Amino acid sequence: MKAEQTIRILVVDDHPITRAGIAAILQSRPGMQVCAQAGGVAEAVKLFGEHNPDVTLMDLRLPDGHGVEAIRRIRHGNPSAKIIVLTTYEGDEDIHQALQAGAMGYLIKGMPHEMLVQALLRVYHGNRFLPPPVTRALSERLPDSELSHREHEVLSLIVAGKSNREIGEELHIKEATVKSHITVILMRLNVTDRTQAVVEALKRGLVHL
Amino acid sequence: MIGKSTVCGFSSNGRKQSSCAGPYWSRRRAIAGFIICFALQQLSLSQTTRYTRTTWRSQDGLPENVVQSLVQDRDGYLWVGTTGGLARFDGAQFTPVSDGAVESLPVNSIYCLLVDRDGTLWAGTDGGGLLHISSSGVIKTYAAPDGLTDAFVHSIYEDSNGRLWVGTAGGLFLKEGERLVRTDAPGAVDRTDVQAITENREHHILVGSSRLVALGAGQARKITLPGNDHDRQIRSILAATDGSLWIGTDEGLLLRQGDGRFQHVAEIDGAVRALRQTSDGTIWIGTIGKGLWAYRDGSFTRVGHAGLIPIETALCIYEDVDHRVWIGTQNGLGRLEKSQISLIPLPTPNNDYGTIGGAPNGDVWMVTQAAFHVSDGVAKLMKFPGLNALSIRTVYRAKDGSTWVGTDGHGAYHLALGTLRNRSAPRYYAIPNFIRGFLETSHGETWVATNVGLYRITLKGVDRYGVEDGLAHFNIKSLFEDRNGDLWIGTDQGLSRWHNGAFVQDTATEALHTEKVWSILQDRRGTMWFGTRDHGLFRYRDNRIQQYSIAQGLVSNIVYQLLQDRTGRFWISDGETISSMPEDELEGDSPRRNGTLSATIYRMPYGDDGVQLLGGRFLSGYLAPDDTVWFPTNHGAAHVIASGEGIAGTPVVRIVGIMRDGVSLPVTQGLQLPAGSARLAFSFAPLFLGPQGGVRFRYILEGFDRDWLPAGSGHTATYTNLPAGTYRFRVQSFDVSHPERITEAAVDFSQREFFYQFWWFRLLGIVALLGCGLFAYSVHLRKVRTRFALVLEERSRLAREMHDTVIQGCTGVSTLLEAISSRRDDSTEDGELLDVARTQMRDTIDEARRAVWNLRRNEDKEIDLPCSLAALADQATRALGIPVVCMQVDPMSGISGSTGHELLMVAREAIANAGAHAHPEWIRISALLEGVDLTVTIVDNGTGFVETAVSGTAGEHYGLIGMRERMHRIGGTLVVRSVSGSGTEVVMKLRHATVEARNQHRPLIERSQ
């Protein structure tokens, strides 16, 4: 391995122990340096702006928003920002959304430290890093499972256990409209009832608890 | 039954009756000289027509026995005016007019009746004025306020100009508008009792009271009658078609013929109450107490002597449209019809047996105990020389004119022509027992039938044939030679055929082998016919047998004698009736169904109603050369003279009543019956004034019956529990002599449904039921949803909790471990330990993540357990460094993911425990499927442990508890057997392991939501 300059890394995770662990792994590596740690979306965006890290490790589940949102905002300000998702989720929609937002790699928590380092290096060098489970999940994603914003809202409320009437009241739409949305959702998720839709939505990361 | 309709005749006891008018002395004929014939009785057969008679009296429904007036309306009903009211008669039943009507008759005695040209009925009463009865039954009374000053109406007449004349006890009235106007000018018609009004050929109105007055051309002219006006009361007037004028008075009958002078009719004694000329020209004279008389061809004959008219009084005489003559008497209503049968009485009648046959010159012999010669309507005893003491059974005339005489047990005698002159004894044949009959064949043989077999007399001698020779039965009832010269022998048990000198069998003899064949005939087309005693007629043609019985329209299943006349008509006698049937119908290819053969029944003349026809010997019937038929009876020889045209008129069927559950309903169209009619009965009757014995009915309820049903004698069709719907009840009637003349009556009605039978109610019921079902289903669905939502919520909460705590924590720890690992040298012993921790942590995270999914997941994908076990074994082999092998794993499918997961977890725990504590050299896994029951066993050869000791160690204790709990959760059991020093065996047993089996045997936990 030839000498390289230090890779500055921003770690975004709401869990301090995880952050500490990651920092410990990376600090021991020559050429890698955790320049900042953030526990939420806003903080991440702010610290990214302050430190301009080479690579950002981004958790998707954050207290003040979704990691994808943070990725979008960061990429909005700095389109060349290199971001690796590091999360417990491996749903195809999560991966898809993250990659859509501009993430270059995707790691599932609990990975061996070697994989983390490998991912950081690859992304730092401008490559993508998607481990086999992630690519497999991504490939399983149905091409037309893209839900509209309204459908996504409806699906979220279904997952939240709301009835059609409650969904209609919440979204200020008619119950009949809710039903038609649900019909489309079921079709897109390739399921036959709302229970399966809930499971599928959670599994694929369309909705999170 | 009383008396006879002949002028002279014998009553059944043979007592001679007085001869009354123009006795006909039969000519004595020179009959064959050897027959000493002498008239035992001088019997006269009247040239006047003989009549059948039927009477009705109060016990038959007549309001009262004194019948004063008769008229037939346009519908065909006969109205009968009695001293006890007015009744309508349909031929079988009397319907009283006053019966139940609010507007009952003002007075009972109906003296005279008239149907005017409008078809409405007028009735003159004895004290109640004039009644007008409309077709709807509304009665209007004309009395003093209407101008009718006298209430005793004794005559009504409508003249050719349509004027209505009313004769009363107080003068003559003419109806003008709605009023009655007294028309007898003083001096013209006395203020006396006008009992007769009629119109002569000159259209003069003849009015009879004490005097006879002719009204015409605006003036009244008195017609002088012999005798004193003061003593006279004219009762009836008849202007006959020949111009003669008949005046019936209390003193007798006056007749004015061509010479213009009235003469007293000497033959008629007593008051003449009724005069009527019938369509055949006969003038009927009804007297009070002196009988009913008929005048025809210049002579008066007394009809119905000896009690036809019980007290010899005829109050009225009427002829209906079918030319039946009706007589109103003081003792009932009588109907006379021309009889087509003439009965020639024998001097000594015999109820036992009788035969009849042809005599010379077209005459007839009838034989009972003795032989009688019937000629010109007179029967005379025949005496055979030498046979005086013998009882004669049958006489047969051979072709050569000689005569065969059969006796009762004394053989057969042949009286040849030659022996007649010589008066020598007849030739005797010792043929024993009872001679049934003779038959001379075309070969010149004479066959003699007896009750003990068949005898053949030829020039060579006498041969006997019995059962042993092939004869069907010894008791012979009929003999016949067909055109081919074959002899047919009918016996009391079967039929035999003699062909070319031997008895032969054919289709007919086989088919009739049990029948009593009493009559045999070959018709003019060559078809053979067999009449049987019990089962009707059998036709034998083209080697096929066809049976005719009552079912095909035969009058009876008894056939004594079958004859065919030269017009082709078939004649049949049974025990009681003579009937005839047209040839074409019997010759038809297939017999008609439903009794529609046209059978004409011939009724015996009055006085001989109970006559028994005789059969069983032959001949029991004879076709005379003049093409008339004769039959023997116990009253003498019955001679049917008439053609077979059958009865006059057609019975018109009517529906006379509808009864619903015992309540009478009006007979109207479109009747709406309320729901729940249990019993519906239609009664019908023929309107037919003739004899109704041959009237047949059939009916159908359209919408219910598939086919016409023949009605029995009940004249009622009853239906029970008709389903709701629209129906049409049709009834048809016809007389058997004219089955093609059908009349029909029908009534439409509908049976309503119960409200619960209406379609809308049923629909409503279905909708309600569906609604209930849907409601129940939705309630159930909501329940399920609620429960599911609760479960889902709980699971989601758990999953969230797990994620937020366990997984989060684990990932944190994992990261830390990774961090430590990344800083250390892996070669150290601590490094190894750290690696185990790292791996374990990763697995835990995976497990936790999967557990979260399982919590959320409802459906369960199947797992390939053998494959998973193999993977587990490989993994353990690598992790533990000892061989962990799947020794025996049955191929299996249908293990659900959750179940399989638990099993794998338990297996892994067991392997891990063994590897961690027992230091085995190997671990073996087996999974055996027995039916649907699964057993997974993990065996090692390690140190084992003492079970009690195990519970002491907390970790292992919990490990085992966890394993047990997992097994329990999926409805299985866990058994751990361990012997210290020789290994451990962990056995997981799961009954109904497959998804299919699990669904049938719901486990406790897995699907409780």
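Student: In chain B, in which strand is confidence lowest, and in which is it highest?
Tutor: This is a predicted model in which local features need pLDDT of at least 70 and side-chain atom pairs count only at pLDDT 80 or more, while totals for chains, interfaces and linings use all residues. Residues are numbered from 1 along each chain as its sequence is written, with chains lettered from A and ligands numbered from 1 in the order in which they are written. The pLDDT is the predictor's confidence in each residue, from 0 to 100, and strands (E, at least two residues) and helices (H or I, at least four) are DSSP runs numbered from the N terminus. In chain B the lowest mean, 32, belongs to strand E1 (residues 36-38), and the highest, 94, to strand E48 (residues 528-532).

Student: How many contacts does the stretch of residues 1-48 of chain B have beyond near neighbours in sequence?
Tutor: Over this stretch the pLDDT is below 50. Two residues are in contact if their C-beta atoms, placed from the backbone, lie within 7 Å. Beyond near neighbours in sequence, the number for residues 1-48 of chain B in the model is 102.

Student: Why is strand E47 of chain B described as largely enclosed by the rest of the structure?
Tutor: A residue is buried if 20 or more other C-beta atoms lie within 10 Å of its own, exposed if 12 or fewer, and partly exposed in between. Strand E47 (residues 517-522) of chain B is largely enclosed because, of its 6 residues, the number buried is 5.

Student: Which residue in the turn between E47(B) and E48(B) has a positive phi?
Tutor: The two strands run antiparallel and are joined by 5 bridges, where pairing requires at least two bridges found by DSSP. B:Ser519 stands opposite B:Gly531 in E48(B). The strands form a hairpin with 5 residues between them, and the turn residue with a positive phi, about 95°, is B:Gly526.

Student: Which residues have the most contacts inside the largest nonpolar core?
Tutor: A nonpolar core is a set of buried Ala, Val, Leu, Ile, Met, Phe, Trp, Tyr and Cys residues joined through C-beta atoms within 7 Å. The largest has 91 residues. Beyond four places in sequence, the contacts of B:Phe530 include B:Val517, B:Ile520 and B:Tyr540. The residues with the most contacts inside this core are B:Met366 and B:Phe530.

Student: Which element gives the largest share of the side of chain A that touches chain B?
Tutor: The contact takes 21 residues from chain A and 29 residues from chain B. Helices H1 (16-27) and H10 (194-204) of chain A are the elements that give two or more residues to the chain A side. The largest share, 7 residues, comes from H1(A).
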